[in-house]
Each structure stands twice: as structure tokens, then as C-alpha cells.
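User: Hi! Could you walk me through a strand and a loop residue in this protein?
Analyst: Happy to, let's have a look together.

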Amino acid sequence: MLRAIVLRARTKGKGKKTATAALAALTVLASAPSPDTSRRARTADDRVHTEAGWVRGTRTAAHRTFQGIPYAAPPTGRHRWAAPRPRAPWPGVRDATRPGPLCPQVPSPYAQIASTEEDCLALNVTAPAAPTDRAAPVLVWIHGDGAVGGGGFFDGRRLADRGTVVITVNYRLGVFGGLAHPGLEGSGTFGLQDQQAALRWVRRNAAAFGGDPGRVTVAGSSFGAAAITAHLTSPTARGLFDRAVLASGEGMMDMPAGAMGPEVPGYRWYVWRTLDELRAASADITAPLGCADPDPAASLRCLRALPVRRILEVPAIMNVFQAFAHGTPTLPDLPAHALRAGRFHRVPVLSGATRDEHRTFVGMRYDGVGVPFTRDDYATALATAFGADAPRVRAQYPLADFPSPALAWSTVVTDRMWALGTQAQHTALARHVPVHAYEFADRDAPMYLPLPGDFDFGAYHAGDTPYLFEDPEAHPLFTAAQRALADTMTDQWAAFARTGAPTAPGLPDWPRHRRGAATPYTQSLAPDRIGPVDYAREHRLGFWRALPSTPRP
């Protein structure tokens, strides 16, 4: 899933609204709608007893599906911006044949999804229909973006076909998940707390759906993967999961100035903020709501009393909070430092990225929407990002080597920001736990947004998600080779959920990523080839590590 982060910097600039809308659109379209029980043939009721009461889902010959199951009480009224609470038991049998409401979010011109419903802390379960002798492994999916989306957009039937119970989660987004306020307990981490509440629910309830509460994998992409990095280092997440999947994780990434647009400043950490930084951002972005008060408690009461619709009217109020606060009870340490120091939960990790991560963000701001990124733009972008080092970067990435300036800039930022951060993450984790590293490398992955421009998106950010989840937009565009790759990847992810390694008889060999190896192993995943890739060489990481402007660890 993509993170529509262009507006995150609390700046104003031409073109950001369009870029953000397009990114949000891909966030939604990169996953399939939740299974629509109305179109399923030969369905039947299926009842399960959870800790809060009975739920009625649907059963087909292949799957059991339960949607919109509450895992926490509504975060409304005085519980807006408070820790999640247990859901009260319900009488009778609760209908679980349709997705629950999305958490509050705003629509965009490209993605007409919106919600003002705060009673949204729900999850969806897809399980194999056939009983097995042993309880099935459980995979909990945390969606990305942090400002739009929901668990119901991810159809887990492909993974369920491999004997996995798949659970997708809604959590509070944007300002509702990330507000930081003086004296407010839990500031900057309410979305993380929701996810941990869902994981506790899974431990307590997975067995009722045929799942093994002792084999829980938490998986996510982009902002979802960043959240999982937070959980790996969070003391309040100890014991909540047994394996982790980080797809395009951002936990050890910085952001050079201008990487997300010329008006966006650089950040030492892409997704982490101090509590003071998020408090300042919260005060700025909520100022138009008229709740400023010398007494923080009075200001908070005012904010909690506002209708959701009024809060969502503030421009960029959801995008500003696509970051997590550290220095809090949920996240005491800066996660990047905690990973490097080995202060994280010891679980096996599957960690990777796409080969052309940043083409998504450049294409959707420029050439992919009919706005050419020019030679002058390239020169300006290099100077903004790298200052005195810009000539060295231009010599390493000359325009003559690329079909367009947009692809040159995309490659620069993919290598410098995404690949450097991804490799640092692999290295830090592999010092202490088994790590299997990968690169999604299908440069013909279907791009299914109706964009007016002409741009080669390559193996773009979030382009791997439809290879794991059912997706009616992408799957009709797959070639036979891409379908075979999707089958293999799904088999590998299911094997990881079962055993902690993405290997099984009949699957390609996949050695562990070992930091002491001459070339630490990274598995390239492409339709025409699955095998090792020299990730550091491919992305010129030696050049970037030696560059003076690159932050030191």
C-alpha cells in the first residue's frame, strides 16, 4: 500500500492535492475489495463463538469468511484519542457477512472512499473451509498508508487456500490515530495501540476459527510495515506475534529534502517523530478548528466534542500524521536505534522491497499524470537533496543512462532512500534473528490506475501486493508467467507463516540473509527468474555510503 505523504510536511504547494489523490487511489486499488458474499455460489451460514459473543459468517466449499468483527469498543466521545477498550459482549448472533465501516478518512478525486464512522475497530477473518488435523497458522495483515484504507480491501483467499487463517485489521488513521496533545496519555500512538489490541484479540480468539494462536505472523506493507517495526521494538507488543513480514518497510529510512516533492523538507527519519514534533504538528494542523486554549484539558474536550466531519474539513489533517511518536510508553525508543542496538523482539523476519520503489511517487506527480519532469527539474532536485554532493550524484546517474529525467530521479531516490534503508534494516535484524530478504523485481507488474501520462512504473511501490491477495483489477492483466510468480510468492509467504522460513518442498531455494557473507543473500522475485541478486551492487549502496551527505548510522 502506498503512503500518500506529499502533504505530510505541513507545507503548501501547487500540485500536491493531485499527487496525494493519485497515491491514495493506488493505495486502494493495490488491494482487492473484501469478498462480496452476495456473489458467492453455494454459500451457507457459519457460526463461531468469540469472546464477545457469536458471529455468523459465510462458508463456501473452499473458505470460511467472517467480516466486521469488533475487536475493541468504539473510540468515541471521551474515548476519542484514548487507548482501545474491550468490546462489550453482544446478545444473540452478530452478522459477520459484510465488512464493517471504514475508519474516518476523506475521499480523493481518484479514490472515492470516505467515512465519518468512529465505531470502526473491526477485523475480518478468512479461513480454509476444510478442517485439518493441526490448527492453521495465522497471518494478520496491517494495511499501509496511515491516512486511507482499511482491512476490508484485502481478500485473503489466496493465502487461505494454502492453509492459512488470514485476518485483516482496521485501525484509527490520520489525526484520529496520531494526535499528540499536552497531557494526553498515548499521544502519537493510538493507531499502534489499536493494532496491538487486535493482536491480543487474535491470541485469544484465533482457535475459534481453526487458527493456531501460537503461530501468528504479523505482516504489512509500507506504513503497515513501519508499524510492525514499531511493534518489534515496543514493550507493549511483547509476546503478541511469532513472525513478522516487512514489505517496503521504512523503519530505517531517512528522507532527503525534495525526495517527495520540491516543497517537502528532508527528515532524518521518514516515519519516526519525537513526541514534541508531533505535538507541534498537532497544534498547527488543529488550529483552524477553534479549540486552542491555555488549558490543554479544555482544548482536548473541545476537540473531542467536534463532529468527525468538521475535523476532516481541515486540509491535510489526515496526511500530517503518517508518522509515529517515540518517547512514549508504547514506543519508548527510536525504533531505528533500537533495531541497530538489538533491542527488539526475537522473531523470524521476512523483509524486502520492490526494485523500483520510487517510480511510484515520481510517476504520479509528474510524467504519469502528464506533467513532464525535465532536465532542469533533475538538476534542481539533485541540488535540493544533496547540496555540494549533487555533481557526484549526477556523475553516478547521468541523464544519458536513462530514457527520461523522471526515471533518472526515480532511480536516484530508490537507491539512496529506499534501498539504503532496506539493506540497513536487513543487516540490523540479521544480527539477532533469522532474516529472509527479497526484492520484488517484476518490471511489468500491472499498473491499473487510469493515468493520462506515459510512464514506465517498473516494479513499483506496492506493486507486489496483488501477487499475494485476490485483486480483480490486477489479476485479469497478469500474464501466465505473472500468475505463476503470484502462486510461488503466495506459497512462500504461507510457508513462512507455517515455519518461519519461506521454503518448502517444490519451492525455490531461499537461503537466509547473513550479514557476514561476502554478498548477503537477497532473493529476486520476477516472472522470468527467481534467484539471488547482489542488492548492494544493483542499487550502488557503496557509492551512497561513502557520500558525505548520507547520514551516518
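Analyst: Let's start with strand S13, residues 435-440, which is mostly covered: six of its six residues are buried. Keep in mind that this is a predicted model.

User: Which residues point which way from S13?
Analyst: Val-435, Ala-437 and Glu-439 point one way, while His-436, Tyr-438 and Phe-440 point the other way. All of them are buried.

User: Nice. In what sense do S12 and S13 pair, parallel or antiparallel?
Analyst: Parallel, over six bridges, with S12 covering residues 349-354. Along that pairing, Ala-353 stands opposite Glu-439 in S13.

User: And how many bridges join S13 to S14?
Analyst: Four, and S13 and S14 (residues 522-526) run parallel.

User: Which helix makes a β-α-β unit with S13 and S14, and what is its handedness?
Analyst: That is helix H14, residues 480-499, and the unit is left-handed.

User: Switching topic: where is Thr-328?
Analyst: Thr-328 is in the loop between strand S11 (324-326) and helix H9 (335-341).

User: Why does Thr-328 count as buried?
Analyst: Because its relative accessible area is 6%, and buried means under 20%.

User: What does it touch, leaving out residues up to four places away in sequence?
Analyst: Thr-328 touches Ser-187, Thr-189 and Leu-275.

User: And which backbone nitrogen lies 3.0 Å from a polar atom of the Thr-328 side chain?
Analyst: The one of Leu-331.

Note on methods:
Residues are numbered from 1 along each chain as its sequence is written. This is a predicted model: local features need pLDDT of at least 70, side-chain atom pairs count only at pLDDT 80 or more; totals for chains, interfaces and linings use all residues. Side-chain values use heavy atoms; hydrogens and water are left out. Buried means under 20% relative accessible area, exposed over 50%, partly exposed in between (1.4 Å probe, protein chains only). Helices (H or I, at least four residues) and strands (E, at least two) are DSSP runs, numbered from the N terminus. Two strands pair if DSSP finds at least two bridges between them. A crossover is right-handed if, with the strands pointing away from the viewer, the path from the first strand over the helix to the second runs clockwise. A polar contact is a pair of N or O atoms within 3.5 Å; within protein, one must be able to donate a hydrogen and the other to accept it, and residues adjacent in sequence count only if both atoms are side-chain atoms. Contact means heavy atoms within 4.5 Å.
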